[in-house]
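Student: I would like to learn how to read a structure like this one. Please show it to me.

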Amino acid sequence: MITDDEKTAVNSALTQLRQEDLKRLVVTVFKKIPPKEAMVLQLYYIDDQNIAEIMEITAFSNSQVKVLLHRGRTTFYKHMESEDIKKPY
């Protein structure tokens, strides 16, 4: 019989593998999208920067950051779908 500790260890290992696979997938997709879009997506979603901080870091205007975020999300999801991954909503 499998103990609770063993179940926890297996679940933890599976979670770690999924996270590593997801990181590899994101890196792969980021390499396929335009560099400015990838940079803005990384700053916003991964580095947790807000629009004003991204404007300061990149010297892009407010509207330029928002447009790049929109385009980046659209492009990112198109590439995710080509990798057979669906939108989270």
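Student: In which helix do D21 and R24 lie, and how many residues apart?

Tutor: This is a predicted model, where local features need pLDDT of at least 70, side-chain atom pairs count only at pLDDT 80 or more, and totals for chains, interfaces and linings use all residues. Residues are numbered from 1 along each chain as its sequence is written, and side-chain values use heavy atoms, leaving out hydrogens and water. Helices are DSSP runs (H or I, at least four residues), numbered from the N terminus. D21 and R24 both belong to helix α1, three residues apart, about one turn of the helix.

Student: What do the side chains of D21 and R24 form?

Tutor: Side chains of opposite charge can pair when their charged atoms come close. A salt bridge is a side-chain nitrogen of Lys or Arg within 4 Å of a carboxyl oxygen of Asp or Glu. D21 and R24 meet in one, at 2.5 Å from N to O. By this rule the count is one salt bridge.

Student: Which residues have the most contacts inside the largest nonpolar core?

Tutor: A nonpolar core is a set of buried Ala, Val, Leu, Ile, Met, Phe, Trp, Tyr and Cys residues joined through side-chain atoms within 4.5 Å; buried means under 20% relative accessible area, exposed over 50%, partly exposed in between (1.4 Å probe, protein chains only). Here the largest core has 17 residues, and F30, V40, V65 and F76 have the most contacts inside it. The largest share of this core, five residues, comes from α4.

Student: Is D21 buried or partly exposed?

Tutor: D21 has 43% relative accessibility, so D21 counts as partly exposed. R24, at 49%, is also partly exposed.

Definitions and conventions
Helices (H or I, at least four residues) and strands (E, at least two) are DSSP runs, numbered from the N terminus.
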